[in-house]
Amino acid sequence: MLMTVLSVIANIVYLVVLNTELYTDRVKMPTGDVREWHRSPATRLNISGQTFLFYLQIVLAAVSIITNVLLLFGVRNNIVKTIRLVSTIGSTVMFIIIMIVTADSNARYV
């Protein structure tokens, strides 16, 4: 029961952190001015062309939350427990990967 509640809270925190402006990008413009942007990890994934990582995180978090809610409402199936465990671990690993990738990402201009 405690693992179920903690997993739901963790997935909500992951999604909130991914949409919080954590990074500051500074660029020297051709006019000599310095331009500054505040960006979230989701925005940095978007400008670097790696949005599939964010979508994968959303899918894993949604599956984890849904299976945790099922377990909270009394479904005691081993398959649901296995899916919950795999999706929670996958969501955590994907969050860590996204944070590493966005820390060293560059904008891709087409």
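Me: What makes Glu36 and Arg26 a salt bridge?

Reply: The model is a predicted one, in which local features need pLDDT of at least 70, side-chain atom pairs count only at pLDDT 80 or more, and totals for chains, interfaces and linings use all residues. Residues are numbered from 1 along each chain as its sequence is written, and side-chain values use heavy atoms, with hydrogens and water left out. A salt bridge requires a side-chain nitrogen of Lys or Arg within 4 Å of a carboxyl oxygen of Asp or Glu. The closest N and O atoms of Glu36 and Arg26 are 3.0 Å apart, so the pair meets the definition. Glu36 belongs to strand E2 and Arg26 to strand E1, ten residues apart. Strands (E, at least two residues) and helices (H or I, at least four) are DSSP runs, numbered from the N terminus.

Me: Why is Arg26 called exposed, and why is Glu36 called partly exposed?

Reply: Exposed means over 50% relative accessible area, buried under 20%, and partly exposed in between (1.4 Å probe, protein chains only). Arg26 has 57% and is therefore exposed; Glu36 has 38% and is therefore partly exposed.

Me: How many salt bridges does the rule give?

Reply: The count is three. Besides the pair of Glu36 and Arg26, Arg39 and Asp25 meet at 2.7 Å, N to O. This pair connects strand E2 (residues 34-39) with strand E1 (residues 23-28), 14 residues apart. Asp25 also pairs with Arg44, with closest N and O atoms 2.7 Å apart. Asp25 lies in strand E1 and Arg44 in helix H2 (residues 41-47), so this bridge ties together parts 19 residues apart in sequence.

Me: How do you know whether Asp25 and Arg44 are buried or exposed?

Reply: Asp25 has a relative accessibility of 11% and therefore counts as buried. Arg44, at 10%, is likewise buried. Arg39 is buried too. Salt bridges with shared partners join Asp25, Arg39 and Arg44 into one network.

Me: What joins the side chains of Thr102 and Tyr23?

Reply: A polar contact of 3.0 Å joins them. The term denotes a pair of N or O atoms within 3.5 Å; within protein, one must be able to donate a hydrogen and the other to accept it, and residues adjacent in sequence count only if both atoms are side-chain atoms. Thr102 is placed in helix H4 (residues 78-103) and is buried, because its relative accessible area is 0%. Beyond its neighbours within four places in sequence, Thr102 is in contact (heavy atoms within 4.5 Å) with Tyr23, Pro41, Arg44 and Leu45.
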